[in-house]
Amino acid sequence: AQYRQYLPFRSTSTYISQQCHDLKHQIAALRTSCSSEERENYLSEMEEVINSYPLYANTGNPVLDTLITQKQFYCKEHQIQFSYSVDSRLLSWIEPRELCILFGNLIDNALESVLQISDPERRQILLEVKSQRQLLSIRMDNCCDHPVEFQGGLPRTTKEDRQQHGYGMKSISRVISRYDGSLDCS
């Protein structure tokens, strides 16, 4: 499901990036025409629209860039602070489909948790991908205002219908296991 969501968003993200790029050129041309006051009002409005969109993520991995950009739009809309530091060279050997499963579920779970926090200042998510002692380290941190129950080392779903939910963490675990990794949830 994460991969299917990624595919159409990839083209949308590219389109938005192209439009923003073109608008920058239009702004530059407008600065040399119209009356000074009209031009500045119009340009200010255009810049406000452009700046209201999060920047396109640029980790160096196109799959992750698209996924993070998509999630940034959601975060902006829901007053969530989403920060990331990703060394994408470390991810080049992971299948694109599995990158979508892994990072899509990690981010979605963090989003679900922070959305339960009423204070927007505390709605914070941090994603970090780095090399640590010659191992790939992926760390996802998010604020949480409720106690987390664990079952088999994984957080239990907070949704009432536990038969139909809770698959994300199992999918994350499966991908990590496929690459001989380990998962630590706390």
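Biologist: What is the relative accessible area of tyrosine 84?

Modeller: Bear in mind that this is a predicted model, where local features need pLDDT of at least 70, side-chain atom pairs count only at pLDDT 80 or more, and totals for chains, interfaces and linings use all residues. Residues are numbered from 1 along each chain as its sequence is written, and side-chain values use heavy atoms, with hydrogens and water left out. Buried means under 20% relative accessible area, exposed over 50%, and partly exposed in between (1.4 Å probe, protein chains only). Tyrosine 84 is partly exposed because its relative accessible area is 26%.

Biologist: How many aromatic pairs does the structure hold?

Modeller: Rings of Phe, Tyr and Trp (its six-membered ring) pair if their centres lie within 6.5 Å. On that cut-off, the number of aromatic pairs in the structure is two.

Biologist: What kind of aromatic pair do phenylalanine 82 and tyrosine 84 form?

Modeller: Planes under 30 degrees apart count as stacked, over 60 as edge-to-face, and the rest as tilted. Phenylalanine 82, by the way, is buried at 12% relative accessibility. The rings of phenylalanine 82 and tyrosine 84 are 6.0 Å apart, centre to centre, with 40 degrees between the planes, which makes the pair tilted.

Biologist: Why is the pair of tryptophan 93 and tyrosine 179 classed as it is?

Modeller: The ring centres of tryptophan 93 and tyrosine 179 are 5.0 Å apart. Their planes stand at 70 degrees, so the pair is edge-to-face.

Biologist: How many residues apart are tryptophan 93 and tyrosine 179?

Modeller: Helices (H or I, at least four residues) and strands (E, at least two) are DSSP runs, numbered from the N terminus. Tryptophan 93 is in the loop between strand E1 (81-86) and helix H4 (96-114), while tyrosine 179 is in the segment after helix H5 (167-178). The pair links distant parts of the chain, and the separation in residues is 86.

Biologist: Which residue has its charged end over the ring of tyrosine 179?

Modeller: A charge sits over a ring if NZ of Lys or CZ of Arg is within 6 Å of the ring centre and within 35 degrees of the ring normal. For tyrosine 179, the charged end is 5.2 Å from the ring centre and belongs to arginine 178.

Biologist: Why do H4 and H5 count as oblique, and which hand does their crossing have?

Modeller: Axes are lines fitted to C-alpha atoms, for helices over the stretch in contact, and angles run from 0 to 180 degrees between N-to-C directions; here the axes come within 9 Å and cross at roughly 140 degrees. Angles under 35 degrees count as roughly parallel, over 145 as roughly antiparallel, 65 to 115 as roughly perpendicular and the rest as oblique, and H4 and H5 are therefore oblique. A crossing is left-handed if the near helix is turned anticlockwise from the far one by less than a right angle, and right-handed if clockwise. The crossing of H4 and H5 is left-handed.

Biologist: Which residues does glutamine 116 contact, leaving aside its neighbours within four places in sequence?

Modeller: Glutamine 116 is in the loop between H4 and strand E2 (124-132). Its C-alpha atom is separated by 8.6 Å from that of histidine 146, 30 residues apart along the chain. With contact meaning heavy atoms within 4.5 Å, glutamine 116 touches His146 and Thr158.

Biologist: What phi does aspartate 180 have?

Modeller: Most residues other than glycine have a negative phi. Aspartate 180 lies in the segment after H5 and is exposed, with a relative accessible area of 75%. Although not a glycine, aspartate 180 has a positive phi of about 55 degrees.
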